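Dear colleague,

Please find below the structure that I am handing over to you. My notes on what was found in it follow directly after.

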Amino acid sequence: MFVFRLDSHSGVPPYLQLVQQVRQAVLLGFLRPGDRLPLIREAVETLAINPNTVAKAYRQLEQEGLVNGRPGQGTFVNETPAAAMSSATYTSLRRGLETWLRRAYAAGLDEQAVNALFTAVAHQTKDENVA
Amino acid sequence: MTASDCVLRTDGLGKRYRRTWALRDCTLALPTGRVIALVGPNGAGKSTLLRLTVGLLAPTTGTVEVLGESPTTNTPQVLSRVGFLAQDHPLYRHFTVADLLRFGRSCNLRFDQGLAERRLSQLGIPLDRKAGALSGGQQSQVALALALAKRPDLLVLDEPMASLDPVARLEFLQVLMGAVAADGITVLFSSHVVPELERVCDHLVLLNHSRVTLAGDIETLLTEHRLLVGPRTTTDLDRAGTVVEATHSDRQTTLLVRDGGAPTAPHWQAHPIGLEDLVLAYLRRPAPHGAALPVDVAEVPA
């Protein structure tokens, strides 16, 4: 069973933290098509969180097409989530990133510089893809 | 809001103890189905407002309506639908937990003893133990189970977690939020601890100097407010009355504004604000002119 966690000091609104955790878990294959997300009541009792917050997160995930809610049964991960990738792709991308990171640290960059560089390049590539 | 989706409505509500106003000019309309936090420093009038809500106090001025009725005139009808947990969750110390449940059943029109017994046994609280022999956290759980056994439409809690350790606080909130998810109860609770409110509450009422200084849906309040940081400015700050707070350093001015995201002037940067900072900024504001309140307004003893 998938378990949510909540970081009260991250500055990210609680509902968005839940949305991001599901997105990430689907992306990394921890959640697979057909898996059931915790019932609202289960999530509420684990996290001591407002039920409306969980409901809001599930509504957003449903709008994104990642999950579907079946009345009386729960909320399930959809059959072909657009964002999912194969474990082979995941492993190979991860390896590539590790190699790059080792080179960056060897070149004397610290974590902040690495993050800044990554963000800048990510933004640039995204713009290119859109254009 | 129509009467049916309004759990608490007050109009010009005020309460005076001898010469001191504990609450003044309180006009509110609180929606049903929400978890509403009543926040303010000690002596701001939180307990007074809650006690007026459950009919333990009569207003000096104005009116209060709970679930569409006056809590002081239609007492049994209204109160059977309202649960109230006073500060420090008082219990009869020499009663066993089972005695307390029996007492609750005899004193209420509506009382689900089985529900309370199930809740307490899930938490491992023995029914044959005297209330005084339970830990603080367990006592709070017994008091909460008694209040929830009424199957209330509105649950009013006065500083429910003030005396609890972090583990007991979490357990208390887990049970409370579980009840909200299961039964759709509206919860109104007072607190002066802000950080844990964000995950629990979706509506805020801020009391300061015996007056309501801010009230609304938390998400809406957070989008309406923002921080503007720019070159030092001391003139013309109160543009259209949107500035809540202004702080200055040698070269910079930081403004907390409530302008709903109007375009930013050149050289000014806009940042979102968190709930805790928003609450603190409002609490730092001085009392309005003419309020003439003594600083040490005594909190109503529970």
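A:E64 is partly exposed, with a relative accessible area of 36%; in these notes, buried means under 20% relative accessible area, exposed over 50%, and partly exposed in between, with a 1.4 Å probe and protein chains only. A:E64 forms a salt bridge with A:R23, and the closest N and O atoms are 2.8 Å apart. The term salt bridge stands for a side-chain nitrogen of Lys or Arg within 4 Å of a carboxyl oxygen of Asp or Glu. A:R23 lies in helix α1 (residues 14-27) of chain A and A:E64 in the loop between α3 (51-63) and β1 (67-70) of chain A, so the pair ties together parts that are 41 residues apart in sequence. Helices (H or I, at least four residues) and strands (E, at least two) are DSSP runs, numbered from the N terminus. A:R23 is itself partly exposed, at a relative accessible area of 32%.

Please note that this is a predicted model, in which local features need pLDDT of at least 70 and side-chain atom pairs count only at pLDDT 80 or more, while totals for chains, interfaces and linings use all residues. Residues are numbered from 1 along each chain as its sequence is written, chains are lettered from A and ligands numbered from 1 in the order in which they are written, and side-chain values use heavy atoms, with hydrogens and water left out.

Further salt bridges

Over all chains, a search of the whole structure finds 17 salt bridges. One of them in chain B joins the side chains of B:R151 and B:D183, at 3.5 Å from N to O. B:R151 lies in the loop between α5 (136-149) and β6 (154-157) of chain B, and B:D183 in helix α6 (residues 166-183) of chain B, so this pair ties together parts that are 32 residues apart in sequence. B:R151 counts as partly exposed at 35% relative accessibility, and B:D183 counts as partly exposed at 40%.

The side chains of B:R258 and B:E224 also meet in a salt bridge, at 2.8 Å from N to O. Here the pair ties together parts that are 34 residues apart in sequence, because B:R258 lies in strand β12 (residues 252-258) of chain B and B:E224 in helix α8 (residues 218-224) of chain B. B:R258 is partly exposed at 34% relative accessibility, and B:E224 is partly exposed with a relative accessible area of 25%.

Residues of chain B

Strand β12 of chain B also holds B:T253. This residue, B:T253, is buried, with a relative accessible area of 0%. The side chains of B:T253 and B:H248 are joined by a polar contact of 2.9 Å. A polar contact is a pair of N or O atoms within 3.5 Å; within protein, one must be able to donate a hydrogen and the other to accept it, and residues adjacent in sequence count only if both atoms are side-chain atoms. Leaving aside neighbours within four places in sequence, B:T253 is in contact (heavy atoms within 4.5 Å) with residues including B:L228, B:V229, B:T247 and B:W268.

B:S210 is found in the loop between β8 (203-208) and β9 (211-217) of chain B. B:S210 is buried, with a relative accessible area of 1%, and its side chain reaches the backbone oxygen of B:A22 at 3.4 Å.

B:T63 lies in strand β4 (residues 61-66) of chain B. B:T63 and B:L13 are 50 residues apart in sequence, yet 5.6 Å apart in space, C-alpha to C-alpha. Not counting residues up to four places away in sequence, B:T63 touches B:R9, B:T10, B:D11 and B:L13.

Domains

Domain bounds come from an automatic or database domain assignment. Chain A is given domain 1 (14-77) and domain 2 (87-130), and 29 Å separate the centres of these two domains of chain A, taken over C-alpha atoms. Chain B is divided into domain 1 (3-209) and domain 2 (223-284). The C-alpha centres of the two domains of chain B lie 36 Å apart. The contact between them takes eleven residues from domain 1 of chain B and five residues from domain 2 of chain B.

With kind regards
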